[in-house]
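Please examine the sequence and the model that follow.

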Amino acid sequence: MYKTSNFSSNSLQPRMLVNRFSCTLSNQRVRIGHSTKVPRNVNMEKLQHGYLFPEIERHELLHLKKYPHANVIDLGIGDTTKPLPAIVTSSMVDFVHGLSTAEGYKGYGPEQGEKALRKAIAHKVYKDLGIKPSEVFVSDGAQCDISRLQLLMGPNLKIAVQDPSFPAYIDSSVIIGHAGKFVDRIGKYENIEYMTCGPQTDFFPDLHTTSRAQLIFFCSPNNPTGHAATRKQLQQLVDFAKVNGSIIIYDSAYSAYITDGSPKSIYEIPGAREVAIEVSSFSKFAGFTGVRLGWTVVPEELLYSNGFPVLHDFNRIVCTCFNGASNISQAGGLACLSPEGLNAVQSLVDYYMENARILVTALTSLGLTVYGGKNAPYVWVRFPGSKSWDVFAEILENTHIITIPGSGFGPGGEGYIRISAFGQRDSIIEASERLKYLLY
């Protein structure tokens, strides 16, 4: 099936890595010595292995230790690689310089975010969808907001997730106490509804066979498959939530990559304001993976079963657990949403989507079944009859390319590999050639 090879092109340098072994320690590891009388959180004991992405970095570090001169191409975790637009960085620099003056200094800002940025998100991102600035909560990123929403909702709720999907939905659900016991035989938690979203269901769950869940985590475009839900599909999801009295936590972090007219926000769907919270981010469309900036929208119409507005409780969570996003980051975010900034960040999106096209073309030419790459910067590749981690290991060993095993995104990802298009163009082209040489 595979050819072996040794790639060592000097033009491709491995990126700087941060050792995060501490995130991947076994749940069963016990140290001998003095112990306190504080019991371990039982939910932490239910987590399976390490969190996916630090686990991938662990494999990468081990590979570099084995091959210290290898030129590794990282198409795994999905970290952006293009420099930030000058208009964005200059706005942040100006703000920083202002901090050294009496007139420009600012300390704590509103926990919910600066008014100008909340207004820009409401009016520029959501345009005619009726989102109010008061419904927008600026944060340090979508993943952090997912955990804050878990804290908001509390433990012991039945949740539903796409399968496959972003692993933070499940891991945060385990930590907060939603998941129940892990069933080794099927590789699932007993209290989580895994909604199959593969090619056999057009990457959308069969809601007729989906049991009621109080919280529904839904990502579109989906990470890892790259599928963007259609308007008809999202209307079905909203209707399903209304009938069952559920709340949708909708992750639109990759919405800027949608090209086929699919909805970029759940609030494009009639009735969504009564059943959905939307989480989004500057990370992937503006390159803010290190700058850290995101937002969550909680509509006024979204109510608990007793009629109390969810927005009020989320505001309390934010004020209690968060001091607000960095005002420097917010200055950059505001610049992103200016007319010049929007044009600049769109060029980043176009760049990564061209990378995706190159990868899709190369992998399709090998006769592989390839999904994604049209509405998201991820390519979802099927390897029938193979285990995802085995394919990941063989690709890494023989091409020095980091990918992500599909099973890391849930049982529905077994037999797939996710390849990220977040890379420099020369690395994407080189990776395509290495994969052509290796596969079949």
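P405 has I417, a residue of strand β15, as its bridge partner. In this predicted model, β15 covers residues 416-420 and is joined to β14 by 2 bridges, the two strands running antiparallel. Both belong to an open sheet of 4 strands, whose order is β11-β12-β15-β14 and whose pairing is antiparallel. The edges of this sheet are formed by β11 (369-372) and β14 (404-405); each has a single partner strand, so one side of each is left without a neighbour in the sheet. In general, the strands of a sheet pair through hydrogen bonds of the backbone, and the pairing may be parallel or antiparallel. A helix accompanies this sheet: α11, residues 339-365, lies across β11, β12 (378-382) and β15, and runs at about 15° to β12.

A further open sheet has 7 strands in the order β2-β10-β9-β8-β7-β3-β6, and its pairing is mixed. Which strands stand at its edges? They are β2 (136-139) and β6 (192-196), and because each has a single partner strand, one side of each is left without a neighbour in the sheet. On average, and with direction ignored, neighbouring strands of this sheet are turned by 20° against each other.

Helix α4, residues 115-125, touches β2 and β10, and its direction makes about 115° with that of β2. Helix α9, residues 310-321, lies across β2, β8 (247-251), β9 (276-281) and β10, and runs at about 20° to β2.

The reader may now turn to the contacts between helices. Helix α9 also packs with helix α5 (residues 142-153), at an angle of about 115° and with the axes 10 Å apart. The crossing of these two helices is right-handed. On the side of α5, the contact involves D145, R148, L149, L151, L152 and M153, which meet V310, D313, F314, I317 and C321 of α9. Sorted by class, this contact of α5 with α9 contains 8 nonpolar, no polar and 3 charged residues.

Helix α10 takes part in two of the contacts described here, one with α4 and one with α3. The axes of α4 and α10 come within 10 Å and cross at roughly 35°, in a left-handed crossing. A116, L117 and A120 of α4 make this contact with Q330, G333 and L334 of α10. Of the residues in the contact of α4 with α10, 4 are nonpolar, 2 are polar and none is charged.

Helix α3 (residues 86-98) packs with α10 (residues 327-336) at an angle of about 145°, and their axes are 8 Å apart. Here the crossing is right-handed. From α3, the residues I87, V88, S91, M92, F95 and V96 meet N327, I328, S329, A331, G332, A335 and C336 of α10. The contact of α3 with α10 has 9 nonpolar and 4 polar residues, and no charged ones.

Charged side chains do pair elsewhere in the model, where the count of salt bridges comes to 12. One of them is formed by the side chains of E397 and K66, with a distance of 3.3 Å from N to O. A cis peptide bond joins D163 and P164, with omega at about 10°; P164 lies in the loop between β3 (159-163) and α6 (167-176). The bond from S220 to P221 is also cis, with omega near -5°, and P221 is placed in the loop between β7 (215-219) and α7 (231-244). N156, although not a glycine, has a positive phi of about 65°; this residue is found in the loop between α5 and β3.

Definitions and conventions:
Residues numbered from 1 in each chain as written. Predicted model: local features only at pLDDT ≥ 70, side-chain atom pairs only at ≥ 80, totals over all residues. Heavy atoms only, no water. Pairing = 2+ DSSP bridges. Contact = heavy atoms within 4.5 Å. Axes fitted to C-alpha atoms, helices over the stretch in contact; angles between N-to-C directions. Left-handed = near helix turned anticlockwise from the far one by under 90°. Nonpolar A, V, L, I, M, F, W, Y, C, P; charged D, E, K, R; others polar. Salt bridge = Lys/Arg side-chain N within 4 Å of Asp/Glu carboxyl O.
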